[in-house]
Structure formats: structure tokens, C-alpha cells
2 protein chains.
Amino acid sequence: MDAAEFRRRGKEMVDYVADYLENIEKRLVYPDVEPGYLRSLIPTEAPLEPESYEDVIKDVERVIMPGITHWHSPYFFAYFSAASSYPAMLADMLCGALGCIGFSWAASPACTELETVMLDWLGKMLQLPECFIAGTHGSGGGVIQGTASEATLMSLLAARCKAIRRVQATNSNYSESDVLGKLVAYTSEQFCATLGTTPSCAFDRIVELGPLCNEENIWMHIDAAYAGSAFICPEFRPLLNGVEFADSFNFNPHKWLLVNFDCSAMWVKKRTDIIGAFKMEPLYLKHENQESGRSITFTHTHWQIPLGRRFRSLKLWFVFRLYGLQGLQAHIRKQVALAKVFESLVRADKRFEICAEVIMGLVCFRLKGSNELNQNLLKRITDSREIHLVPCQLSGRFVLRFAICARTTESSHIQQAWRHITQLTFELLQEPSH
Amino acid sequence: MDAAEFRRRGKEMVDYVADYLENIEKRLVYPDVEPGYLRSLIPTEAPLEPESYEDVIKDVERVIMPGITHWHSPYFFAYFSAASSYPAMLADMLCGALGCIGFSWAASPACTELETVMLDWLGKMLQLPECFIAGTHGSGGGVIQGTASEATLMSLLAARCKAIRRVQATNSNYSESDVLGKLVAYTSEQFCATLGTTPSCAFDRIVELGPLCNEENIWMHIDAAYAGSAFICPEFRPLLNGVEFADSFNFNPHKWLLVNFDCSAMWVKKRTDIIGAFKMEPLYLKHENQESGRSITFTHTHWQIPLGRRFRSLKLWFVFRLYGLQGLQAHIRKQVALAKVFESLVRADKRFEICAEVIMGLVCFRLKGSNELNQNLLKRITDSREIHLVPCQLSGRFVLRFAICARTTESSHIQQAWRHITQLTFELLQEPSH
């Protein structure tokens, strides 16, 4: 495929993408396939000779679409949202074309530098304490990781490295594994200090945890994977109070800030803590400006497990500028308001109960009654394929999670989803066994 | 931005991308900016209100392009190549639109299943032993990781977990950290068993290493990050002999197989080894088909650090079908042939020497003489910004690496690059100090 054909196929793909997203609610949100469905639909080996583009595109509808769970359908209420917006998609096209692997400053200065500045922009949007902002002279700063899991792993490794060095500094006869066996990681039921847990969007009290961690020399990592985006709204920012005690903080703009996956934002108070754990400098990564010491500040290679890095900050730049802070705040507020709409519908029906305080875009609810009853209700919902939810377990109870996920979800979709749930509930309760 | 505007902006972006790649050789391959250049070009905070798309796009040329190292310029000979092709870019557009986060089979069955089948296709293209192919009943199989570093980390964690369990099975009074302190990782100068090292593209003798590892119960991981793609050509496949002794094997289609970053392919002989180390099953990830045990085979969540996963196998599918195996082989062979052209130019000039056998697309060479002389030559090359190389160190000698990287590099570019190098050499050697 040459540039001329790419121009043609690329424009067709733009239309395909726009058609898909404009008409997504006509597709059933959850697929009706059995495990292993795909293998039988395609050959067992790659073709020797090129196939036509038409054949490939035809197979997108024949092979792929039947097995897609439509995350951006307005009827998708499962897990937490995966952010998606047109500006982010445009930025990703540009990112793919540049195709630079920003593992050092020299490998593409713009890639490293835009990331540092975008994480400063984002940090300021969240009103993070100054110590997390890189600026031109700060000792902290931000980095884009792929996922919150990677950010947590990085924190854990940095914390471990720091603790081992501290112990060895006063007890030089201790080996690394001697110390390792004595290290303790304190976690809640959802691991680290969490703002907005996955099952119920619960918030740890970091203003109480923080001083304790600081006193005891414990590395404090705060994970706000989903809820973090909401802290750009002044009314939600108090939930982040106490972040000043943390050593590292992380949330996922790819969940709720209209930036397509993957883009997990992580800040550390002291870059040296995290860089110290991973420094690695073969000759082929050295460059002139590094040797002068001036661009070390700008290199993210030592902040993460992978060596290669995509130009992900382009997505942030496009989204921040094309929505503006106010546009992003409006998006968050709209989804929280929709959750409140759903909550009030549930509360108005005496057969149901709300199972956790509704703070963000998640409503945890259940039918009053046994876990089995609720499992049966969820099975009917899943089998109908018209809306998609997943469950969680709260204090031993089987609970349904209704998360406002898609950018396109409106009040009408919430009303329709509730009508659907109550209809299935009606049918379920009609059965003799209940 | 609504769908209508995306149609317009998306098509403009397709043209921008095609223009950029068609005219890339007119841009100087290496940027002329100082560390910190970007921060002063943009505001210190995100805008409150949306900006116009025109302003954002104008800033791509004003802010971003001056700081880009053009990896896809035919004059980019640094590091190893970052693969890029139009079919992969089209697939990435589709991936962005679907925006599914394939962390379980149910989260989008097509995402998990296409990946399994594509890794089988690719494994067969490499003629991997049957034990690495998932098929419908295999106990091995493949997974897409982000980078080779992540694949190596996964192998290391799986190997560690397996070794600890083995020791504890016979010595139940050993704690995990007791065992940990006694574990040994055997590495070469470039870490694990490597086929095609980064400095010089050297090959470890895995037919000798393999039986030793098997006898001694050592987990053998083979990293062929760059060179692995070449094994789809029968003439290069013998270099992979011995892979049958390995527990895990990895290479990066995003380096040399025309699949845009990131896409690192990893295979394991026993899925249970790697899944066992990472199993994690909160209720919100459970689904009906998983409970029947039928789709566990298809879930890649436990094969990697991140929970979320993009639909990266779409890129493989598009590229395999639109190039065909023969098209991909032709691409590999062309770049190896171009390296041979450059090698013969170097060999014909008595001032230079070749420093490592030229097997793939990399030529390691230097001026006969001191390291300082070669450092000076490289500095002139870098400062000229017309071609871009990076150095390596081989047995204490400072060596220049000339890697054929871009899909668009032709013999004329190689000739031009050599004329440029010899001209700079001429100027360097004219100076009184030499």
C-alpha cells in the first residue's frame, strides 16, 4: 500500500469509524458468541500472497464485530469507562505516523518534553501540590504509564529499593534478600491507598493514612485510577486532600478524561527515588545533551519498565486544547449527574436497594433478597445483550454495578436501561420459584 | 467535536500523515533543539475554554516537528528500526474506535481470540515448534506484550515463581525470601539468551545453551527483539535452531515486521507457568463462560503486568493479509541486502573497518584509529543532521552503528549516506590535529 492508496483507505476508515460510533447504539452491546468462535472463521495460517483490502475490511464485520463488546455504546455500564474522543483519535493517528520511540530525549525531544509539560498542565488542573510539578527546577514530576498496574508496580519497586538502601546504610552486613524478607507492604482490601475503588468507588481516608505513613517512613502510593479525573472539578477536589503526604500518585485519564487508552498519569515527589531504582545507560542510548546533564531531567526511560514509549502526550495536548478545562469539567459533571438520575430511579423502587454511597459515576444496587436472586437478574440482563453490567461483592453480598461509561450516554439511555431492568425484574419475580 | 467534524478533520489528518511520510526525506532527520526548548513555546497551563482545531494543527508544525527525530526518514540509521506501514496505521485507527480494553474474554471476545490466532499464524511463519502453538488444545501459546522488556520481566517472574515453588515442595520450612536470596539468573553481557543483540546484532549459541538449561532446570528465555522478524525467511531460520529448548521466546514485530509500535510477540511452552504467577480474579472480571472453564484459555490478563490491553492483534491481521508472507519476506531481504551494500562500500575504503559480522540489517564500522577519532566523526555526523546514527562499544572500542531502519530506504539513500560520511571523514582528517 503506497501513500496514494493510504489516502483513499484512510478516508474510508475515517468514515467507517464515524459510522460505527454514530450508530453504535443500534448494535447489541454484548456479543453472542461462544469461546473459540473466531478461530473457525479465519484460515489457520497467514496468506502467502497479499489479499485485497476489500476482503480485509469485509472481514471486520464478518469476523471481528460479532465478537466485540461495544465499550462506547451508551448502553455499556460495565467495569469503569474507557475514555474515547475524536480529538484523542486524531492525535493517535499523528502519533502512529511519527512513530518515534521516545526512550531518550534524543530519540525525539518533543516526545519527552511535551509529556513533562502535559503532566504539569494536568497536575495543575488537579491542583496537585507544587512538589509534584516538574516545572523548570522541580524535583518531582509526572510520567505517562500504560496502566495503573504499571504505576503501582513502579511505586512498589521504588519503595522497595529505597527501603533496602536505607536499611543497608546503617547495617552494611545485611544482604538485599535479608532485607527483602523483612519488608512489609500495607494494603487495604483493594491494595494501596485508593481513591475510588473498582467494586464500589469507595475512598480511603488519606488525610488520616498520610501522616502515619510519613511518620513511619512508609512509601505512600495513592491510586485514583477512575476517580482521579473528577478532581479537576473544585467540588470533588476535597477528596484528594492529603495527597501532599504521598510519595507517588496515579490516575487514568484513559478512564474518564476523554483520552483514549492507554494513558495512565503518574506523579512522584522525588524523581530521584524512581530513577534510582532503574537507571540503565548503554552507549547506544547516550547523547550529547545527556552528557552535559541538562536533559536527564527530561528522560522518562528510567521511570518505567518498557524501554520504548509512544508519543502519548499528543492525546493529552489535543484533548486539553479542544475541550478546554471547562469542557472536561462539564463531561465529568454530566456523568455524575446521570448516576444520580439512575440512583433516584432505583431508590424510588422499593424492591431495590442502593449498596454504596453514590459519589461519582457508579451506582451499586441490588434487589432486596438473596444473592441468588441478584445473580439470576444479572444473568437475564447479560443474556438480553441490550445493556451490559458486571457485578461486585460488597461485604459478602452480590451487587450489581451500574457505571456511566460512554461519552454518548444521555438521560434517555438511563431511563431506557432502567425500564429494561425493571421489565426483567418483573419477569424474574413472576416465576414460581420466587 | 462531533462525528461530522471528525469526518472532516480525520480526512485532513490522513492527508497530513500521507504528506508527512511522502516528503519526510526533505526534513533534516535529527532535530536542532536544546533540552527544554518546548516549554517556552506553549502556555504554562491548559486553556479554560476550547481552542480552535486550526490552532492546534498549526502548533504541530510550530511546536512538535522542530523537536522530532524522524524515525521513518530513509536517512535514519540509528538504534534499530521502528516498524511502520500504512496497513498497520489503518488497523490502529480501527483499534482506537473500538476502544475495547481486552482484559478478559468477555471484555471483548474478538480481542482475545484474534490475538491467540494471530500469534499462532506468526509462530507458524517462524516455524516455531508445535509446543509453542496454542491451537485448540495446545498447552503453549503466544501473547502480545508492549515491549521486549516486559516480556523479559514476565519470564523472570514466572521463572522465579516456578523455582521457589519447586524448592518449597521439597523443603517446606523455606520461606519465599530464603529461596529468593539463593536464586541465580545467568546472563550474557546483553542479558538473557539473545538472538541479535542491540550493539552488534550478535547471536548466542542457543543449541549449546539450551540442553544445559534443560539439564539444570534453568528457565531459558530467548530474546530476539530485532532479529526475530527475519526468521520468517527460510535462509535465516537456522539461527533460531535450539528454540525447542526454550521455556519462553520473544521478538518485536514492531521493530522489523511492518507493525507499528507497540507489538512485542511472546510465546511460552506452558501457559500454566506464566498464568500461575499472576492469577487474579475479582468478581467484576468473572463471566459466565469463564466459570465453565472454556474461555480461561483465551484470557491474556494473567500473562502480563497491565490489566488493560488494546486490540493490538488487529495490526498483525491487517499487515499479514495486506503484505502476505512473501511481501514480508521481501521487506526483510531488501533491508539485509541494503546492509550488504553499505558493508561493501565500507570495505572498499581502506580508512575504515567492519567491526562485526553483517548478518541482518546492521553494519558496525569505524575509522581505523582511536576512539576519539571516531567520536569526532560521529559528532560531525550528528551535528550535520542529514543522517542519524548512534554508537556502540565493542570490546572497548567506540564503534558506529549503521542500521537500515526505514521502510522507504533505498540503495540511493545508502549511497548518499556513504558520500556524506566520507565527505565528513575527509574534512575531519584534513584538520591539523589528525
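## Pairing in chain B: β1 and β5

Two strands count as paired when DSSP finds at least two bridges between them. In this predicted model, strand β1 (residues 141-145) of chain B and strand β5 (residues 264-268) of chain B go well past that cut-off: they pair in the antiparallel sense over 5 bridges. One place to look is B:I144, which stands opposite B:A265 in β5(B).

How many of the residues of β1(B) are buried? The count is 5 of its 5 residues, making the strand mostly covered. In a regular strand, side chains alternate between the two faces of the sheet. Here, B:G141, B:V143 and B:Q145 point one way from β1(B), while B:G142 and B:I144 point the other way, and all are buried.

## The five-stranded sheet of chain A

Now over to chain A, where 5 strands make an open sheet with mixed pairing, ordered β1-β5-β4-β3-β2. At its edges are β1 (141-145) and β2 (193-194) of chain A, each pairing on one side only. Further in, strand β3 (residues 221-223) and strand β4 (residues 248-251) of chain A run parallel to each other, with 3 bridges between them. Across that pairing, A:H221 stands opposite A:S248 in β4(A).

Helix α4 (residues 109-125) of chain A packs on this sheet, where it touches β1, β4 and β5 (264-268) of chain A. The direction of α4 makes about 85° with that of β5(A).

UniProt, in an unreviewed entry, lists A:K255 under "modified residue: N6-(pyridoxal phosphate)lysine". You will find A:K255 in helix α8 (residues 253-256) of chain A. Is A:K255 buried or exposed? Its relative accessibility is 19%, so A:K255 counts as buried, the cut-off being under 20%. Leaving out residues up to four places away in sequence, A:K255 touches A:F80, A:S81, A:A82, A:A83, A:A225 and A:Y226.

A:T152 belongs to helix α5 (residues 148-170) of chain A and is also buried, at a relative accessible area of 13%. Beyond its neighbours within four places in sequence, A:T152 is in contact with A:F191, A:H221 and A:D223. A:H221 is the residue that stands opposite A:S248 in the sheet.

Helix α2 (residues 53-64) of chain A has 12 residues and spans 15 Å from first C-alpha to last, close to the expected 16 Å. Its buried residues are A:Y53, A:V56, A:D59, A:V60, A:V63 and A:I64.

## The four-stranded sheet of chain A

Chain A also has an open sheet of 4 strands, antiparallel in its pairing and ordered β6-β7-β9-β8. From one strand to the next, the twist averages 40°. Between β8(A) and strand β9 (residues 397-403) of chain A there are 5 bridges in the antiparallel sense, and A:P391 has A:L400 in β9(A) as its bridge partner.

Helix α11 (residues 313-347) of chain A lies across β6, β7 (362-367) and β9 of chain A, at about 15° to β7(A). Helix α12 (residues 371-384) of chain A packs on the sheet too, touching β6, β7, β8 and β9 of chain A, and its direction makes about 35° with that of β9(A).

Definitions and conventions: Residues are numbered from 1 along each chain as its sequence is written. Chains are lettered from A and ligands numbered from 1 in the order in which they are written. This is a predicted model: local features need pLDDT of at least 70, side-chain atom pairs count only at pLDDT 80 or more; totals for chains, interfaces and linings use all residues. Side-chain values use heavy atoms; hydrogens and water are left out. Helices (H or I, at least four residues) and strands (E, at least two) are DSSP runs, numbered from the N terminus. Contact means heavy atoms within 4.5 Å. Axes are lines fitted to C-alpha atoms, for helices over the stretch in contact, and angles run from 0 to 180 degrees between N-to-C directions. The expected span of a helix is 1.5 Å times one less than its number of residues. Buried means under 20% relative accessible area, exposed over 50%, partly exposed in between (1.4 Å probe, protein chains only). UniProt positions are given in the numbering used here, feature names are shortened, and annotations may be inferred rather than shown by experiment.
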